[in-house]
Amino acid sequence: MAAESKQPLLEMRNITKSFPGVRALDGVSFDLYAGEVHALVGENGAGKSTLMKVLGGVYPHPEYGGEILINGEAQRFAGIRQAESAGIAVVYQELSLVKDMTVGENIFLGREPRRFGIILWDELYRRAHALLDELHLKIDPRTPVRNLGIGQQQLVEIAKALSQTARILVLDEPTAALTESEVETLFKILDSLRARGVGMIYISHKLDEVFRLSDRITVLRDGRTVGTDFTKNLDEARVIARMVGREVGDIFPKRTHEAGAPVFEVRNMTVEDPNVPGKFLVKNVSFSVRRGEVLGIAGLMGAGRSDLLMAIFGAHAGRVRGQIFVEGKRVRINSPSEAIRYGLGFVTEDRKRFGLILDQTILNNMTLASLPHVSGRFVTNADAEAAAGERASRELRVKANNVFTIVGTLSGGNQQKVVLAKWLLTKPRVLFLDEPTRGIDVGAKQEIYAQVNRLASEGLAIVLVSSELPEVLGLSDRVLVLHEGHITGEFKRAEATPEAVMSCATGHVKEVSSKQ
Amino acid sequence: MSQTNERVANEPAVDRPPVMADTAPQLRVGGLRIPTDALRAYTLVFALVAIWVIFSYKTNNIFLEPRNISNLMRQTAVTGVLAVGMLMVIVTGQIDLSVGSVVGLTGGIAAIFLTWFGYGLVPALAAAVVAGLLIGALHGALTAYANIPAFIVTLGGMLVWRGAVKGLTQGNTIPVALQSFRDIGQQYVSKPTGWVIAVAAVASIVLLNVRRNSARRRHGLQAASAISLAVRTIIPSAVIIGFIWVLNSYSGVPVPVIILIAVAVVGAFLTEQTTFGRYLYAIGGNPDAARLSGINLRLHILAVFCIIGALAAVAGMINTARLGSATPDAGTLLELNAIAACVIGGASLVGGRGTVFGACLGALFMASLDNGMSLAGIKDYVQDITKGAILVFAVGLDMLGRRKG
C-alpha cells in the first residue's frame with residue numbers, strides 16, 4: 001500500500017489555533033502519504049474543519065502555531081492562493097460556488113484560460129467538459145449552478161478542486177448532501193484519484209463511509225489528536241469511543257415531565273425560493289407542538305429546515321403559503337415583530353450573522369428583542385434593563401465579568417447563551433432553536449441541553465432543528481424528518497433510531513409515513 | 001397588555017442613572033488601560049488644540065480673538081446641527097449626500113416666503129422645516145421601501161434640490177430684511193443668560209458624574225476614584241466656563257450656538273436614552289440580527305432621514321439668517337463637513353458606532369479648519385484639497401482601527 005512509502009506527502013506538526021475564548025486546536029499532528037485516504041473524524045467542534053482551514057491557508061501563517069511540511073519542505077501559506085499552488089485543494093462543507101455563474105465558470109473561477117487577458121470561453125468550456133467527463137458527471141458545463149440540485153453542486157465543487165492538479169485533496173463532509181447514487185459516483189472518483197497518487201483527507205461523520213474508504217483514521221477530540229491508526233486495526237465502536245471519550249448518553253438530561261396541550265401549529269406550509277420563482281424550499285409541511293414538548297426537526301443541509309423556521313417567523317424573503325395557529329387561534333405573521341408579539345422566539349442559526357451585534361455589550365444584545373418590556377417603552381430604564389440582563393445572565397450561567405462585556409470577546413458557547421437569553425427575555429410560548437450548539441464546546445453544549453430540558457419542564461414548547469443527529473434524538477420527544485422540503489418521517493422518541501431517521505433524511509424511505 | 005405590566009412590575013423600582021460600558025475596547029500602555037474610544041476622543045481634542053495653535057500663529061492671534069471665536073461658533077452651529085442628524089443616519093448604516101443642497105433649498109424657501117410673499121417669521125420657518133421634512137421622508141422612503149441605496153438616492157437628491165433652489169430663486173440672491181429672522185443667525189443672548197447656561201451645564205455635569213458613579217457601584221463595576229471623578233467634573237466645567245467667558249467678553253453667546261446646544265442635547269438623549277436610539281445602533285451594527293429581533297428596519301431608516309431633513313432645514317435657517325440672504329449656492333459642500341464631522345468624532349461609516357458629542361466636536365474641528373484657513377488667507381483650492389484629504393484620512397483611520405479590533 002502506498003501509505004507505507006517513506007516520506008509523507010504532508011506533515012502537520014503541533015498545530016495550535018485559538019479563537020477568542022476557545023482553543024480550537026491544541027497541538028494537533030497529522031500526516032498524509034501519496035495515494036492514501038486518511039480519514040479525520042471527531043464530533044462537531046473537535047477541530048477538524050479548523051485544522052483544514054489552517055492547511056488550506058484560510059488562516060494564514062502567523063495566525064496559527066506549529067509547522068506544515070509538504071514533501072519534507074516547510075510551508076508558510078500567506079493565503080488560500082499559496083496553499084493552492086502548493087497543490088492543496090479543499091472542498092469545504094459550506095458550498096462556495098457562485099450560484100449565478102455557470103458550472104464551467106465556477107470550475108475555473110480566478111484561473112480562466114486566457115490570452116492577452118481575454119478569456120477563451122470555448123477553451124474554458126472544452127476543458128470543463130473534459131473534466132466532468134473524466135469524473136463521469138453528466139452535467140453540462142454551461143448550466144448555471146443555481147439550476148443544479150445540492151448534491152450535484154457538491155460534485156461540481158469537487159470537480160473544481162480537482163481542476164487545480166491537486167496533490168492533496170481535502171473533502172469536508174462531502175456526502176452530507178448527496179444521494180446514494182451520487183455517493184457511489186464520488187467514491188469511484190476517489191478510487192481513481194488514489195490510483196493517481198493523490199493524497200486525500202476525508203472528513204466525515206458517517207463511519208461506514210470512513211471504514212469503506214480510508215487507509216488510516218485519525219480521531220480528534222476537543223482540539224487534540226486522540227490517536228491515528230490503520231483502519232484495518234480499528235472498528236466503529238472503538239472509533240466512537242475515541243471520538244466521545246465518554247458514554248454517549250450521559251450528556252443528555254433525563255426527561256421526567258409530560259407534554260401538555262398543543263400551543264402551536266402550522267398547516268400546509270409552502271415556502272418559495274425568493275431567487276428562483278417556482279422552486280419550493282418547503283412543501284406542504286404541517287406539524288404541531290405542545291406545551292412542555294421538544295419537537296426535533298432532523299434533515300440534511302439544504303432540506304429546508306431553516307427556511308421553514310424563517311418563514312414561520314415572518315422573516316422569509318420569498319412567498320410563503322400556509323396557516324399558523326397559536327393557542328388554537330389562526331394568526332398571520334408577516335414580520336418578526338409580529339411573531340414576537342404572538343409569543344414566538346427564534347434562536348437563529350449562525351449567531352454571528354443573525355443573532356448578535358458583536359461589538360455591543362452582552363446587555364444590549366440580550367434586551368434587543370424585548371427592550372420596551374424590560375427597559376422602557378420609549379425612554380430606556382438602564383437600571384431595570386441591567387437587572388433583567390443580570391438575572392438572565394445568572395440563570396443561563398453566562399461566563400463574563402459583567403453584562404457590560406462586549407459580546408464579540410466571549411467564547412462561542414457564551415455567545416450562544418446570550419442569544420438564548422435574548423429570546424427568553426421576550427417570554428415566549430414557543431421557542432424555535434436552529435442549530436443551537438453549532439461550533440461550541442462539549443461543556444457548553446451540555447449546559448444548553450440542560451437549559452432546553454429545564455425550559456420544556458417549565459411548559460415552554462420547543463422546536464429544535466439540528467444537523468447533529470445525536471442531539472435531535474437525545475433531546476426530542478418527537479422527531480420530524482425533512483427531506484428536500486417534504487416531511488418524510490415522524491417518530492416518537494422511543495422509535496427514533498439513527499438509522500431510521502437517516503434513511504428518511506436521505507430520502508430512502510422504505511414505507512411512506514402513515515401520518516401524511 | 002396585562003402581560004406587559006407584569007413584566008415591568010418584576011423589575012426593581014429605581015430611577016434611571018446612566019450605566020456605562022466597562023469593557024469597551026482598550027489599549028494598554030504600560031499599566032494604563034485606555035479605552036480606544038477615549039483615545040480617539042483625546043486624539044481629536046489634541047488635533048483641535050493643535051490646529052488652533054497653528055491658525056493662531058499664522059493669523060497673528062486674530063484666530064483666537066473673542067470676535068473670531070464668536071464667528072467660529074456660529075459656523076460650527078450650522079455644521080453641528082447637520083452633523084447631529086448625519087450621525088443618526090450614519091449610525092444606522094446609511095449616508096446622506098444631499099444635506100448641502102437641502103440647506104440651500106430650505107433657506108431659499110424661507111427667504112421667498114419672507115421677502116417675496118411677505119409672510120411673517122413663523123409661517124416662513126414652518127414652510128422651510130416642512131419642506132426639509134418632506135424631502136427627508138422622500139429620501140427615506142426611496143431608500144427603505146424602494147430599496148434604492150441611500151448613496152444613490154441622496155446623490156440624486158443633491159442635484160435635484162440644488163436644481164430646485166436655482167430654479168426657485170431664478171439664480172438670484174434673495175435678501176431678507178425681517179430683523180426677527182436675521183436674529184436667528186446674528187443675535188446674541190444676554191451675558192447673564194450665558195452665565196445661567198454655564199451654571200446649568202456645570203451642575204448637570206456634576207450630577208451626571210455622581211449618578212453614573214453610584215450606578216456603576218450598584219452594578220458591581222469599579223467606581224471611579226475621587227481623583228478621576230474630580231478630573232471628569234473639573235476639566236469640562238472649566239472648559240464651559242472659559243467658553244462662556246470668551247464669548248461674553250465679545251457680545252455674548254450667539255443664538256445659533258444656543259440652537260446647536262438644544263439640538264445636540266435632544267440628539268444625545270434620543271440616541272443614548274431611548275429605545276429608538278438603541279435600535280439605530282442595532283440596525284447599523286447588524287441589520288439581520290436587528291430585523292430578526294423584531295425591529296422595523298424600514299421605519300427607522302425612514303425616521304432618520306426625516307430627522308436629518310428637518311435638521312437640514314434648521315441649518316438652512318441659521319445659514320440664511322447669518323448671511324442675511326439666500327443664495328442659490330448656499331450650503332454647497334456642507335454634506336462633506338457634516339460627514340467628516342461624524343467620522344472625525346468617532347462614527348463608523350459601516351454603521352453601529354458614533355456619538356452626538358463626538359459629532360459636535362468633529363463639527364467644531366471642521367468649522368475651525370474652514371474659518372482658520374480662510375483667515376490665514378490659504379488659497380481656495382488648497383482648502384478644498386485639505387478638507388477632502390482629511391475626510392479620506394479620518395475614514396481610513398476608522399477602518400484601520402476596525403481591522404485590529
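Chain A and chain B touch through 40 residues from chain A and 33 residues from chain B. Two residues count as in contact if their C-beta atoms, placed from the backbone, lie within 7 Å. The model is predicted: local features need pLDDT of at least 70, side-chain atom pairs count only at pLDDT 80 or more, and totals for chains, interfaces and linings use all residues. Residues are numbered from 1 along each chain as its sequence is written, while chains are lettered from A and ligands numbered from 1 in the order in which they are written.

Look at the side of chain A that touches chain B. Helices α10 (336–341), α11 (351–355), α13 (371–374) and α14 (382–395) of chain A each supply at least two of its residues. Helices are DSSP runs (H or I, at least four residues), numbered from the N terminus. The largest share, six residues, comes from α14(A). By class, this side has 21 nonpolar, 14 polar and five charged residues. Ala, Val, Leu, Ile, Met, Phe, Trp, Tyr, Cys and Pro count as nonpolar; Asp, Glu, Lys and Arg as charged; the others, Gly among them, as polar.

Now turn to chain B. The axes of α14 (residues 334–344) and α15 (residues 356–375) of chain B come within 7 Å and cross at roughly 125 degrees. Axes are lines fitted to C-alpha atoms, for helices over the stretch in contact, and angles run from 0 to 180 degrees between N-to-C directions. α14(B) and α15(B) are therefore oblique to each other. Oblique covers what remains after under 35 degrees (roughly parallel), over 145 (roughly antiparallel) and 65 to 115 (roughly perpendicular). Among the residues in this contact are Asn337(B) of α14(B) and Phe365(B) of α15(B). The contact residues divide into eight nonpolar, two polar and no charged.
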